[in-house]
Amino acid sequence: MVLGSLAMLVFALVDYRIMMNAWWLIYLVNLGLLLAVQLAGTKVNGARRWLDLGFMRFQPSELTKLLLILFFARFFTKYRESINNWKTLLASGVLILIPLYLVKEQPHLSATITIAFIFCILIYIGGLSYKIIGTVLAILIPSAIIFINLIMQEGQEILDHYQFTRIMAWLNPAEYADDAYQQQNSIIAIGSGQLYGKGLYNNDISSVKNGNFIVEPQTDFIFAVTGEELGFIGCAAVIILLALIVMECLWIGRNARDQEGTIICCGFGGLIAFQSLVNISVATGLMPNTGMPLPFVSYGLTSLVMLYMGIGIVLNVGLQPKKY
């Protein structure tokens, strides 16, 4: 938090347009970090997602989310007059697919989905035609239905085995009890907190945190600890605070002095909203289990510092006058 707060202060006071002038450098640095993970990354639990710097372990895929927001903010602003041209759309598709592929190969499916979602927000705010959006949806919706039917078949080779079991554990937790136990324990923990919770930092050995009923209660399932210790009121407070941050990002973006600032703020607000929605949905059993941190709540050095940096840039956009 201290490191993130310092980063937020720096990014809030340095004109964001200085960073925008180095947009291609931002993109290349991002690719360099992702390639470094593939070549010399640290492997944990079967996934190669981290770079060991000696004094800290760094996760480039988290920083990728912010760097791509900055890059495409300048890209879509520069080509706003031709954003609906097939050449511009093709170029933007290639530019996003390269980092998406590198993140997917780590493998880091939740970050891949998040980055793809952010890109959709950025290109929409950049001025994508509703005709193109309608055409894409007309293709994607039937394709999604076919895709879901295919992955539900026994022996399918589209998804990795662990991804398939997570979906099946969500749909049928009784049959896939070994894979569903974390999500089921999370739901039980949130319910056990009732209205006021059992108390912050309680020492109850039967709690989801102290009893080791969830493997990573400080990251992906932090909302289960929130529900158990602070109850419904605590959960509602967290959701309201996150919603207010998202609304402030959108408000600053609406009043930004240029399109770059608008895209940055809306993209970062969308990032916080999406990660919050997925994390809380997983913890409450509304979505299949996927590892995604809860913004400003989950433990995680790279994720937390990246979020503070993003807030600093959003504040910077708000501090810039409309006219010089």
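F76 is buried, at 1% relative accessibility, where buried means under 20% relative accessible area, exposed means over 50% and partly exposed lies in between, as found with a 1.4 Å probe on protein chains only. The model is a predicted one, in which local features need pLDDT of at least 70 and side-chain atom pairs count only at pLDDT 80 or more, while totals for chains, interfaces and linings use all residues. Residues are numbered from 1 along each chain as its sequence is written, and side-chain values use heavy atoms, with hydrogens and water left out.

**Aromatic rings**

A pair of aromatic rings is described by the distance of the centres and the angle of the planes. Here the rings of Phe, Tyr and Trp (its six-membered ring) pair if their centres lie within 6.5 Å, and planes under 30 degrees apart count as stacked, over 60 as edge-to-face and the rest as tilted. By this rule the structure holds 17 aromatic pairs. One of them joins F72 and F75, whose ring centres are 6.0 Å apart with the planes at 80°, so this pair is edge-to-face. Both residues lie in helix α4 (residues 60-78), 3 residues apart, which is about one turn of the helix; helices here (H or I, at least four residues) and strands (E, at least two) are DSSP runs, numbered from the N terminus. F72 is buried, with a relative accessible area of 0%, and F75 is also buried, at 4%. F75 pairs with F76 as well, with centres 5.5 Å apart and planes at 80°, so that pair too is edge-to-face.

**Helix packing**

Two helix pairs are set side by side below, with axes that are lines fitted to C-alpha atoms over the stretch in contact, and with angles that run from 0 to 180 degrees between N-to-C directions.

| Helices | Axes | Angle |
|---|---|---|
| α4 and α6 (residues 109-125) | within 10 Å | roughly 20° |
| α3 (residues 23-40) and α5 (residues 86-104) | 9 Å apart | about 25° |

Angles under 35 degrees count as roughly parallel, over 145 as roughly antiparallel, 65 to 115 as roughly perpendicular and the rest as oblique. Therefore α4 and α6 are roughly parallel to each other, and α3 and α5 are likewise roughly parallel. A crossing is left-handed if the near helix is turned anticlockwise from the far one by less than a right angle, and right-handed if clockwise. The crossing of α4 and α6 is right-handed, and residues in contact there, meaning heavy atoms within 4.5 Å, include F72 and F76 of α4 and F119 of α6. The crossing of α3 and α5 is left-handed, with a contact made by residues including W24 and Y27 of α3 and I98 and P99 of α5.

**Two further residues**

E229 lies in helix α10 (residues 222-254) and is buried, with a relative accessible area of 3%. Leaving aside neighbours within four places in sequence, E229 is in contact with residues including Y196, K198, Y201 and K209. A174, by contrast, is exposed, with a relative accessible area of 69%, and is found in the loop between α8 (161-171) and α9 (177-192).
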